[in-house]
Amino acid sequence: MRTPRTARILSVVLALLGIQLTWLISPAWACGCGAMVVDPAQRIAVSNEQSVLRWDGRQEQIVMRLTVTGDARNAAWIMPVPHRATVRLGDPAVFDQLARAIAPVHRTRHHFWPRNGDWPFDERADGAAAAAPRPGAAVGVVGRQRLGPFDVARLTATDPAALDTWLRANGFPLPARLKTALAPYVAEHWEYVAIRLAPDTADTALRGALDPLHLTFAADRAVYPMRLSRLATTPQSLGLYVLAAHRMEPATAIGGPPPRTVYAGRLTDPGGALGTLAHGTPYLTALTQQFPQPARISGDHELRRAATDTPVQQVIHDDELDRVAGVPAWLLTVGGLAVLLVAALAVLAVRRARRPVAPPPPVAPPPPLA
């Protein structure tokens, strides 16, 4: 039997889950990390979502960071997890290190003949700038904690309708399609991490990059929850870093175009926050995928070991015109040939001028007149 204190905590937590329901201006929003709800009178947009998944064969860790804009003063989202999770604040430095680790390699590629942008074909519009080269009760509270701007509750549920019941009892009806989307997780006995975002200062809108959250839970397979993203009404994109002992790949496309590997390689003593996170799982795979029609998302991303550990590195070629002492090589070549041609013609002309002129043949006198 629940105590009044437990009932109050549960009421508050579940109420917080239902205070938001927009993606940009859409009636519902979902990201790769779970489902977000917002007060219909307010707006919130996630301009950037970054996640790194670490899996060592027995335990999975997910570190995620959201960058948000809008006028919402509080927001919440729910993230399904296959086993009981612990939650703490993550280190934002890990994302800076990851961005540097997968940065494309610049290589210079020379060309002989001038191209657009090289003299004399350079095009410079006045004032134009170059373009810049994201079992028990139906609902139970396992734990609750305050982490920076987050109020985190770890929940269990044996029936998706139970969440709806509690939210309606507190004046916050659960969207019907979110309840339906949670049903497969309930059937598989997953748990939930409910996260409320609230600024430290009252009446302050949520803006900018939020502190990362670091989730840890047991996992005999690497999985990234994506099923709730099918609730989104706008195209979605996934950017995911994966740390494991070997190169990893999604088992299926789960309703979108095939995922693309933008980086794969073994980290060499990265140090710092990334070094701590990657200890024992030194192989980094960076994946990206687009979902033009989120409603087609059919499940979660299950990651498996790739057939080989072949490295992948993006290369940006910087084209550069061949030069000799600062002068374009093509100009020297064409100019040299022109000089040689002119010199040859001059020599021919001089030789022709100096050639002796043969005297005219003798003229015989006319015969005498009769």
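Biologist: What sits over the ring of tyrosine 185?

Modeller: The charged end of arginine 227, 4.8 Å from the ring centre. The rule asks for NZ of Lys or CZ of Arg within 6 Å of the ring centre and within 35 degrees of the ring normal. A caution on sources: this is a predicted model, where local features need pLDDT of at least 70, side-chain atom pairs count only at pLDDT 80 or more, and totals for chains, interfaces and linings use all residues. Residues are numbered from 1 along each chain as its sequence is written, and side-chain values use heavy atoms, leaving out hydrogens and water.

Biologist: Fine. How many aromatic pairs are there?

Modeller: One aromatic pair is counted. Tyrosine 185 and tryptophan 190 form it, 4.8 Å centre to centre, with 50 degrees between the planes, so it is tilted. The definition takes rings of Phe, Tyr and Trp (its six-membered ring) with centres within 6.5 Å; planes under 30 degrees apart are stacked, over 60 edge-to-face, the rest tilted.

Biologist: Are tyrosine 185 and tryptophan 190 buried or exposed?

Modeller: Both tyrosine 185 and tryptophan 190 are buried. Buried means under 20% relative accessible area, exposed over 50%, and partly exposed in between (1.4 Å probe, protein chains only).

Biologist: And histidine 189, where is that?

Modeller: In the loop between helix 4 (176–187) and strand 10 (191–197). Helices (H or I, at least four residues) and strands (E, at least two) are DSSP runs, numbered from the N terminus. Histidine 189 has a positive phi of about 65 degrees, though it is not a glycine. Most residues other than glycine have a negative phi. Histidine 189 is exposed, at 65% relative accessible area.

Biologist: Which other residue has a positive phi without being glycine?

Modeller: Isoleucine 254, with phi near 45 degrees. Isoleucine 254 lies in the loop between strand 15 and strand 16 (260–266). At 5% relative accessibility, isoleucine 254 counts as buried.

Biologist: Switching to strands. What does strand 15 pair with?

Modeller: Strand 18 (residues 301–305), in the antiparallel sense, over three bridges. Two strands pair if DSSP finds at least two bridges between them. Methionine 248 has arginine 305 in strand 18 as its bridge partner.

Biologist: What sheet do they belong to?

Modeller: An open, antiparallel sheet of three strands, in the order 13-18-15. Strand 13 (222–224) and strand 15 (248–250) are its edges, each pairing on one side only.

Biologist: Now strand 14. Why call it largely enclosed?

Modeller: Because seven of the nine residues of strand 14 (residues 236–244) are buried.

Biologist: What does strand 14 pair with?

Modeller: Strand 17 (residues 283–291), antiparallel, over nine bridges. Leucine 243 has leucine 284 in strand 17 as its bridge partner. Leucine 240 and threonine 288 are 48 residues apart in sequence, yet 6.4 Å apart in space, C-alpha to C-alpha.
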